[in-house]
Amino acid sequence: MKISILDDYYDTIRHLPCFAKLAGHDVTVWNDHVQDTDTLAERLKDTEALVLIRERTKIRKPLLERLPKLKLISQRSVYPHIDLDDCTRLGIMLCSHQHADTPSVATVEMTWGLILSALRMIPQQMQSLKAGTWQMGIGRSLTGRTLGIYGYGRIGSAVAKIAQAFNMTVQVWGGEGTLERARADGITVAASRADFFATSDVISLHVRLYPATRGIITAADLALMKPTSLLVNTSRAPLIEPGALVAGLKAGRPGGAAVDVYEEEPVRDTTLPLLNMPNVICTPHIGYVTEEEYETHFTDVFEQIVAFDAGSPINVINTDVVRKP
């Protein structure tokens with residue numbers, strides 16, 4: 001099969017052990033990021049299987065209709081960036097493992113890296129040291145503080161375990177499934193949504209992005225947070241109501257933020273408000289970007305291609321394609 005891999009910024013994938021799974025196939029790896037439909041249509045005109053890295057490139061109807069040879073899109077996460085109905089109409093199968101049984105250790109680690117960096121002001125202290133002014137302020141400890149986890153799934157539950165090692169109080173909010181899982185694990189469920197936002201010192205978001213969860217964190221929620229509180233987002237930026245986080249930070253609730261995700265990625269605009277706020281730590285969506293996570297991620301992605309090529313597709317999202325003659 002002719003396979004194309006998009007958005008491999010640092011030419012990492014060809015050097016992973018799992019890349020050997022594609023031996024015998026004609027593989028092209030693109031290391032830049034392009035969203036222009038004409039450019040993508042030209043690049044992918046002969047592609048039969050398309051590999052996507054998370055939601056870096058949007059695969060919409062105008063592009064899909066110009067890819068007559070495309071049979072398969074293989075990825076591992078959710079798919080708000082793909083026009084699924086048009087894939088089905090055009091006979092293009094979408095396969096996505098969606099982390100069904102593997103916790104993202106890398107994202108859990110990144111969450112804690114951001115929490116520690118923000119509360120101890122590590123980036124700001126580094127800049128102060130480099131400027132020759134030594135220390136620039138006093139940080140805050142984790143012990144005794146309350147961590148609020150919005151979304152107690154495979155990542156949120158792992159974050160909670162580490163919080164207990166820091167002697168933090170943990171409380172949870174989210175959908176009914178989240179609350180049931182938390183109660184089953186003996187984790188405190190907040191008395192109410194308002195109480196969750198009002199009493200947490202740190203709130204970390206761990207919710208998948210679906211139409212139903214887009215904008216689920218509102219300006220009213222943020223307005224309830226403490227002036228000393230921290231909001232951490234290693235999930236997806238659109239979980240927060242558009243404009244609400246910047247407005248809330250300017251108003252002083254929450255008091256700070258640590259974010260790894262953005263409305264439009266990659267971020268090239270250095271005037272983006274979040275990048276220029278002294279009470280915000282920003283990283284370029286690296287929560288899952290480790291050698292180990294990539295190996296796990298692309299093992300699943302490539303196994304989906306191998307299974308499709310063998311006539312026994314796995315992890316199929318749009319199963320109507322399978323039923324077509």
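Keep in mind that the model is predicted.

I will start with strand β7, which covers residues 169–173. Is β7 mostly covered or mostly open? It is mostly covered, since 4 of its 5 residues are buried. As a general point, side chains in a regular strand alternate between the two faces of the sheet.

Now the neighbours of β7. One of them is strand β6, residues 146–150. β6 and β7 run parallel, and 5 bridges join them. If you want a place to look, find tyrosine 150, which stands opposite tryptophan 173 in β7. Between these strands comes helix α6, residues 154–165, and β6, α6 and β7 together make a right-handed β-α-β unit.

Another partner of β7 is strand β8, residues 188–189. This pair is also parallel, and 2 bridges join it. Which residue of β8 stands opposite glutamine 171? That is threonine 188. To get from β7 to β8 the chain passes through helix α7, residues 176–184, and this β-α-β crossover is right-handed.

Next, the cis peptide bonds. Here is one: the bond from arginine 253 to proline 254 is cis, with omega near 5 degrees. Proline 254 sits in the loop between α10, residues 244–251, and β11, residues 256–259. Here is another: glutamate 265 and proline 266 are joined by a cis peptide bond, with omega about 0 degrees. Where is proline 266? You will find it in the loop that lies between β11 and β12, the latter being residues 280–282.

Last, two residues with a positive phi. Methionine 121 is not a glycine, yet its phi is positive, about 55 degrees. It belongs to the loop between α4, residues 105–119, and α5, residues 122–130. Is methionine 121 buried or exposed? It counts as buried, because its relative accessibility is 18% and the cut-off for buried is under 20%.

Histidine 285 is not a glycine either, and has a positive phi of about 50 degrees. Its loop runs between β12 and α11, which spans residues 291–309. Why does histidine 285 count as buried? Because its relative accessibility is 12%, and buried means under 20%.

To recap, β7 is joined by bridges to β6 and to β8. The positive phi values I showed belong to methionine 121 and histidine 285.

Notes: Residues numbered from 1 in each chain as written. Predicted model: local features only at pLDDT ≥ 70, side-chain atom pairs only at ≥ 80, totals over all residues. Heavy atoms only, no water. Buried < 20%, exposed > 50% of the residue type's maximum accessible area, 1.4 Å probe, protein only. Pairing = 2+ DSSP bridges. Right-handed = clockwise from strand over helix to strand, strands pointing away.
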